[in-house]
Amino acid sequence: MSSNDVLKAARFKRGWRSGEAAARGVSAAGREALDDLHFEVSAQYELIDRLVRAAKGETRRGLLKVGAAYAALVGWLYQDAGDLGAAAFWRGMTQEVAMRSRDAQLIGYSLVNQAQVRTDLGDGWGVVDLCEAALEAPRSLAPKVRVMAMQQQAHGASLVGDRRAVDRLLDEAAGLLNRVDDELPWGNACRRTPGYLEAQRATCYGRLGLGVEASALWTQVLDHVPKTARRDRGVYLARHAAAAAKAEEPEHAVEIGREAAQIAVETGSARMRRELTALERVMRPWHHAPVGRELAQALAPVNERE
């Protein structure tokens, strides 16, 4: 099945029988996620599309890059809202536009975008395949794109239980981080997020069941995450709590989880709720103990919003 067929199937699955219907659906999600009553995908994306069709040469390629970045943003909005099918649709759209641009950096970025969705779906080998495709010609890629692909491939490796690959990929990415100095308008989390690679490693270690190692890393990472970065901080706290539980420290897990739950209620992030659901699973051995009841009480406001 071609990528176009996959995108069409994903669109039809949600009842979107036209591009306009898809735009309306994404607009609604964007308004909720961004708390912006005026957010509208249709008008902005259609304007870019019309300009692309009318443009030629470098102007056309520039507009295609803008369109791909815009589709990636919409995909992230859906991913954060918990609709992974719609996220996959728009991440796939990113690749469609990237291929039209014939820009190696943007194509690599679009593959990493798709790998992010496969990570949330738990498809480790799918993540590895997409990132290996992105890294097929590493010398043609900017350091930032290589960092993005390697760190995402590390997530895929953690999903299939390969710690050695996780450490190798993240160590290689760390060696490139100081060389990230391009002016590309997308994918800049690796240089603006404090402890970016340490957070990736802590997440991977948590998936691998390495609670003690992951918990120690999360302590370091969270010391440098500003209070204003609410969504990142909430996700990190939930993962830290799960790592503490895996390290047989349930009281510490509840203490951390309580703060994560408060942020989840304030932001309404579905991504954060998924992380807290994972925390509940890890805490099942203490379900009937006082500490388990404390966790249930802390998470009750989050569960009420579902």
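User: What should I know about the model before reading any values?

Analyst: This is a predicted model, in which local features need pLDDT of at least 70 and side-chain atom pairs count only at pLDDT 80 or more, while totals for chains, interfaces and linings use all residues. Residues are numbered from 1 along each chain as its sequence is written, and side-chain values use heavy atoms, with hydrogens and water left out.

User: How many helices and strands does the protein chain have?

Analyst: The protein chain has 16 helices and 0 strands, where helices (H or I, at least four residues) and strands (E, at least two) are DSSP runs numbered from the N terminus.

User: And what share of the residues is buried?

Analyst: Buried residues make up 50% of the 306 residues in the protein chain, with buried meaning under 20% relative accessible area, exposed over 50%, and partly exposed in between (1.4 Å probe, protein chains only). Of the contacts (heavy atoms within 4.5 Å) between residues at least 6 apart in sequence, 60% join residues at least 24 apart.

User: Which residues of α9 are buried, and what covers them?

Analyst: The buried ones are Ala165, Val166, Asp167, Leu169, Leu170, Ala173 and Leu176, and their cover includes α8 (143–159) and α11 (196–207). Helix α9 itself (residues 163–177) has 15 residues and spans 21 Å from first C-alpha to last, close to the expected 21 Å, a value that is 1.5 Å times one less than the number of residues.

User: What happens at the start of α9?

Analyst: A side-chain oxygen of Asp162 comes to within 3.4 Å of the backbone nitrogen of Arg164 there.

User: Switching to pairs, how do α12 and α13 cross?

Analyst: The axes of α12 (residues 211–222) and α13 (residues 230–246) come within 8 Å and cross at roughly 150°, the axes being lines fitted to C-alpha atoms over the stretch in contact, with angles from 0 to 180 degrees between N-to-C directions. The two helices are therefore roughly antiparallel, a label for angles over 145 degrees. Residues making the contact include Trp218 and Leu222 of α12 and Tyr236 and His240 of α13.

User: And what about α13 with α14?

Analyst: Their axes come within 8 Å and cross at roughly 155°, which makes α13 roughly antiparallel to α14. Among the residues in that contact are Leu237 and Ala241 of α13 and Ile256 and Ile263 of α14.

User: Is Glu248, in the loop between those two, buried or exposed?

Analyst: Glu248 lies in the loop between α13 and α14 and is exposed, with a relative accessible area of 60%. Glu248 also has a positive phi of about 65°, although it is not a glycine.

User: Where does Ser269 lie, and which backbone nitrogen is 3.2 Å from its side chain?

Analyst: Ser269 lies in the loop between α14 (250–267) and α15 (270–282), and at 1% relative accessibility it counts as buried. A polar atom of the Ser269 side chain lies 3.2 Å from the backbone nitrogen of Met272.

User: Last one: at what angle do α15 and α16 pack?

Analyst: α15 and α16 (residues 290–304) pack at about 150°, with their axes 11 Å apart, and that makes α15 roughly antiparallel to α16. The contact is made by Arg273, Leu276, Leu279 and Glu280 of α15 and Leu295, Leu299, Val302 and Asn303 of α16.

Definitions and conventions
A polar contact is a pair of N or O atoms within 3.5 Å; within protein, one must be able to donate a hydrogen and the other to accept it, and residues adjacent in sequence count only if both atoms are side-chain atoms. Angles under 35 degrees count as roughly parallel, over 145 as roughly antiparallel, 65 to 115 as roughly perpendicular and the rest as oblique.
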